[in-house]
Amino acid sequence: MNKNCEIVQDLLPLYIDDVCSETSREMIREHLSGCPDCTKLLKQMQDSGLEKQLEQERTDVIGHQRSYFKRRSALVGMILSVIFSVPVLICLIVNLAVGRSLSWFFIVLAALLFTASLTVTPLLVPDQKGLWTLGLGTGSLILLLAVCCIYTRGNWFFVASSAVLFGLSVLFLPFALRSRALQAYVGERKGLIYMAAVTVLYLLMMICIGIYVKDPAYGPTALAVSAPLLIFFWLLFAIIRYLPYNSRFRAGVCLILSGGFLFAADKLMLALTGYRQAWPVFSPGSWNHKTIDGNVKWTILLSGCVLGIIFICSSFTGRKKK
Ligand SMILES: [Zn+2]
């Protein structure tokens, strides 16, 4: 690189930004016309400048759009809140006017609260929309159940709310545990926490049902049904999470176990409650109302075992290839 090139290359940033003197500009232009190296460098500098500019513009546009949508959704949320409060006011006035001492007013209020929690929350909350909607939706649903139960003078609140909590947690707890807010506390124990929470809520539901039915036979029956179920799901979880083999091997073991569980579960539960029954019979030649139960169960068991063995075998061949 000759001396002129060095001077020109030092001046190139000023040349691109159009802030050098007319004399320097003339000199640079003259040099560039005869020097491919400096021309190439100028082009590179112009290109990277353009890219930076585009990137900046893109960030600006996205930021602008984001804040625009935030403002819009907050506005829609507020309008919805106002709309929701109209029937609440009307109900309050009517209820007071007819002298009903606000009895069914709270049902309307709780029902609207539940609807609002699912529709307005995602619009108004700036961050963690899913988690907030889920939490407030669950809370207001439980409140609605409580209000309805009090209004009808029922005693089913704990049964209904524990069942609702169990059902919702089975479906939505995985999403809640994956959310950023909980991720910091949960870390790698997501699966374990999910299983523990679902088990506790299941037991809570069974206890609530037991208290509700007040039948001395309920306890042993509930235990006979729950114990195999819980043991089966915890066993599957332990295999999937902790068995130190590859995923195909674990899938194979789970398939065999699932086939066995579906085959034997009801007989096992009946046996635990004191009703011994004969094992299902496989009669593939005749399909009628007497044989269908046995045939289906044997098919499930056999297909589970065959698929499981295929998976396990394929896990070994896969390992050899490596
Ligand atoms: Zn040059």
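Visitor: Which residue follows α6, and is its phi positive or negative?
Guide: Arg153 comes after α6, and its phi is positive, near 50°. A helix is a DSSP run of H or I with at least four residues, numbered from the N terminus. Two ground rules come next. The model is predicted, so local features need pLDDT of at least 70 and side-chain atom pairs pLDDT 80 or more, while totals for chains, interfaces and linings use all residues. Residue numbers start from 1 along each chain, as its sequence is written.

Visitor: How far apart are the end C-alpha atoms of α6?
Guide: They are 32 Å apart. Helix α6 covers residues 129–151, and its 23 residues should span 33 Å at 1.5 Å a residue, so the two values agree. The expected span is 1.5 Å times one less than the number of residues.

Visitor: Which residues of α6 are buried?
Guide: Leu131, Leu134, Gly137, Ser140, Leu141, Leu144, Leu145 and Val147. Buried needs 20 or more other C-beta atoms within 10 Å of a residue's own, exposed means 12 or fewer, and partly exposed lies in between, with C-beta atoms placed from the backbone.

Visitor: What covers the buried residues of α6?
Guide: The cover includes α4 (105–119), α7 and α8 (180–186).

Visitor: OK, α7 next. At roughly what angle do the axes of α6 and α7 cross?
Guide: Roughly 170°, and the axes come within 10 Å. That makes α6 roughly antiparallel to α7. The label needs an angle over 145 degrees. Axes are lines fitted to C-alpha atoms over the stretch in contact, and angles run from 0 to 180 degrees between N-to-C directions.

Visitor: Which residues make that contact between α6 and α7?
Guide: From α6 they include Leu131, Leu134, Leu141 and Leu145. From α7 they include Phe157, Val164, Leu168 and Phe172. Contact means C-beta atoms, placed from the backbone, within 7 Å.

Visitor: How many of the residues in the contact of α6 with α7 are nonpolar?
Guide: There are 14 nonpolar, 3 polar and no charged residues. Ala, Val, Leu, Ile, Met, Phe, Trp, Tyr, Cys and Pro count as nonpolar, Asp, Glu, Lys and Arg as charged, and the others, Gly among them, as polar.

Visitor: And how do the axes of α7 and α9 cross?
Guide: They cross at roughly 170° and come within 8 Å. Helix α7 is residues 157–178 and α9 is residues 190–213. These two are therefore roughly antiparallel to each other.

Visitor: Which residues meet there, in α7 and α9?
Guide: On the α7 side, Phe158, Val159, Phe166 and Leu173 are among them. On the α9 side, the list includes Lys190, Leu201, Tyr202 and Met205. The residues of this contact divide into 20 nonpolar, 2 polar and 1 charged.

Visitor: Which residues of α9 are buried?
Guide: Leu201, Tyr202, Met205 and Cys208. Their cover includes α7.

Visitor: How many residues has α9, and what is its reach?
Guide: It has 24 residues and reaches 34 Å from first C-alpha to last, close to the expected 34 Å.

Visitor: New topic. What is in the largest nonpolar core?
Guide: It has 9 residues: Ala110, Leu113, Phe114, Ala116, Val120, Leu141, Leu144, Leu145 and Val147. A nonpolar core is a set of buried Ala, Val, Leu, Ile, Met, Phe, Trp, Tyr and Cys residues joined through C-beta atoms within 7 Å. A second, separate core has 6 residues, including Val159, Phe166, Tyr202 and Met205.

Visitor: What does Val120 touch?
Guide: Gly77, Leu80 and Ser81, leaving out residues up to four places away in sequence.

Visitor: Now the loops. Where is Asn155?
Guide: Asn155 sits in the loop between α6 and α7. It counts as exposed because it has 10 C-beta neighbours inside 10 Å. Asn155 and Tyr212 are 57 residues apart in sequence and 7.6 Å apart in space, C-alpha to C-alpha.

Visitor: What about Lys214: buried or exposed?
Guide: Lys214 is exposed, with 7 other C-beta atoms within 10 Å. Its place is the loop between α9 and α10 (218–242). Its phi is positive, about 50°, although Lys214 is not a glycine.

Visitor: And where is Asp18?
Guide: In the loop between α1 (3–16) and α2 (22–34). Asp18 is exposed, with 7 other C-beta atoms within 10 Å.

Methods:
Parallel < 35°, antiparallel > 145°, perpendicular 65-115°, else oblique. Contact = placed C-beta atoms within 7 Å.
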